[in-house]
Amino acid sequence: MSIGYSDNKIEILKLVDIEKNYGSVQALKNINCEIYKNEIVGLVGDNGAGKTTLIKIIAGNISPSAGKLFLNGKEITFRSPMEAKKYGIETVYQDLSLCENLDSAANLFIGREIYKKFLGINILQKREMEKRALQIMSKIGINVPSMKEKVEYLSGGQRQSVALGRFVEWGENLILLDEPTAALGVQETKKVLDLVLKVRKEKLVSMILISHNLQQIFEIVDRIIVLRHGEIAGIKIKNETNPDEIVSLITGADLINKPVVGL
Amino acid sequence: MDISRSQQNNKILRGILNNVVWIILILFIVVCTFTVKGFSNPKNYANILDHSVFIGILAIAECFVLITNHMDLSVESIAAFSAIFSAWMCAQSPAASGLMANPFLTLMIVMIIGALIGLINGFFIVKLKINAFLVTLSTYIIFRGLGVLLTGGKGIAGLSYSFRAITLIRLFGIPLMVYLMIILYIVFYFVLEHTPFGRHIFIIGGNETAAYNFGININKLIYQVFILSGVLSAIAGWLIAAKSNGAAASIANGYLFDVIAAVVIGGVSLSGGFGSLIGVFAGVLLLAVISNTLNILAISPFMTQVIRGLFVLFAIVLDSFKKLLK
């Protein structure tokens, strides 16, 4: 169920010649791609191919060694994840970024706590955050017993839903999901995928989804970007490709934009 | 998916362990009331509260720092230096500066000095990324040394009544400084539990990466926590000078261990992310009660040291045991 790729697509994000080096190790090279409005893009590749590095650059956690990023046509540089958030980029990290010592409501609102000023002092509005948290979690549909339960006592699926709750509530332009169903069972995985589709439809956001599960990818994405050894091995529209082709791109078919060594 | 039975039992056990300090405190008081002569009378209770003020205020500082998963060993030395400096500024003694400065002006000055020391601590920890234990160990040594230098090896005594008033004037038999301590506990309890600042402290202690990912200014908060620690330590030091009518080079010696014992037994985790000032208050009271009892029983001060040490050990083992339950 993908969207057709006509020319009147609005470009949300554009990466031009993005590179990332760690000393002599080249994690990413020659990254050129666009993400369009309201599409879901699957980012696949073997371990070490550079998927998480690329996501972290878009999320603002790390800066590229070279290259440019364009958001809605304007060139931008993120100096921190918070700046990316200001542009409406929300990330679900692979490790979930949860604080075990706090409850679900507190975790949902990390960095965006609701507070009121009273006599010059900022006072946390815990009840309001709890109420909003319940609303957010009910949208997701995975039952969390109490918003006041410390996250360390929650199951894997419940924790995942807290991490997902953040993007359901605050994702605006672009949502980055790094292996959102890695630790989940079959039923919970289906719920997450349904949620992803629902949010895409309701908010018209774009999403980049990293996953090792090709079946999952083929179920919900519109396009697939394949990374291999830090370079783009191929960009395919889902309806015009198949899992076998993707696997061969992941493992070692020719690169589509292999640089021509001019003579 | 509900949590398993064993996890539920663990939860109950951890809940008990987190509040065990109150259980021990009440047990101790009950036992002492019946077995130690001279324990259960208003004057002795006032005495206990009296002696809990200094460790109590230092414990607030240490609690904040520990929750962020750092540690401040310099609290004792900042207090000692503040006590000595205050005495030097205000005392009517040949060993003093001769300034006979206003005590409250001096309080402001030592608070600024404490803040600056906290800033220095913060700088080495945040910018130079040196372990907090090592940094504050160094400032601990340096400022104790500076204090000794300032006293010239002698004691500085002879403070004015207005300086000492807060320790001498009693309301319902309890010195004003005890009320000050209680007010500080209420204020900082509120800060820790009900302000974004307090919430961010728990977030940094719980998962620093998550704090970074969601835009919390970790560096700024670490600076603020260490500066707060410095200021509170300075206040404690000023009060110590007021109580002792001056200061000698060895003032506040050994307070650091009492502070650590009090916060750990009060439920603050040494690995960050957990702690409550209510528990800390109980821990402070417990240590004060123990000291008081040993005093009444005329137990040798050396034995007292051993017993205090055992309590620190007990508190640390308790902390580790709590972690094992996860």
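Predicted model: local features only at pLDDT ≥ 70, side-chain atom pairs only at ≥ 80, totals over all residues.
The contact draws 25 residues from chain A and 22 residues from chain B. Two residues are in contact if their C-beta atoms, placed from the backbone, lie within 7 Å. On the side of chain A that touches chain B, α2 (81-86) and β8 (121-124) each supply at least two residues. The largest share, four residues, comes from β8(A). Helices (H or I, at least four residues) and strands (E, at least two) are DSSP runs, numbered from the N terminus.

Ala, Val, Leu, Ile, Met, Phe, Trp, Tyr, Cys and Pro count as nonpolar, Asp, Glu, Lys and Arg as charged, and the others, Gly among them, as polar.

| Class on the chain A side | Count |
|---|---|
| Nonpolar | 13 residues |
| Polar | eight residues |

Residues are numbered from 1 along each chain as its sequence is written, while chains are lettered from A and ligands numbered from 1 in the order in which they are written.

**Chain B.** Chain B has 14 helices and four strands. Its radius of gyration is 20 Å, close to the 20 Å that the globule rule gives for 326 residues, so chain B is as compact as a globular protein of that length. The radius is taken over C-alpha atoms; the rule is 2.2 Å times the number of residues to the power 0.38. The C-alpha trace of chain B spans about 75 × 55 × 35 Å along its principal axes. Of its 326 residues, 46% count as buried. Buried means that 20 or more other C-beta atoms, placed from the backbone, lie within 10 Å of the residue's own.

**Helix α1 of chain A.** Helix α1(A) covers residues 51-59, and nine of its nine residues are buried. Among them are A:Lys51 and A:Lys56. Just after α1(A), A:Gly60 takes a positive phi of about 95°.

**The core.** A nonpolar core is a set of buried Ala, Val, Leu, Ile, Met, Phe, Trp, Tyr and Cys residues joined through C-beta atoms within 7 Å. The largest one holds 173 residues; B:Leu58, B:Ala83 and B:Ala87 touch the most other members. Helix α3 (residues 42-67) of chain B gives the most to this core, with 15 residues. Not counting residues up to four places away in sequence, B:Ala83 touches several residues, including B:Trp238 and B:Ile251.

Methods: Buried ≥ 20, exposed ≤ 12 C-beta atoms within 10 Å, placed from the backbone.
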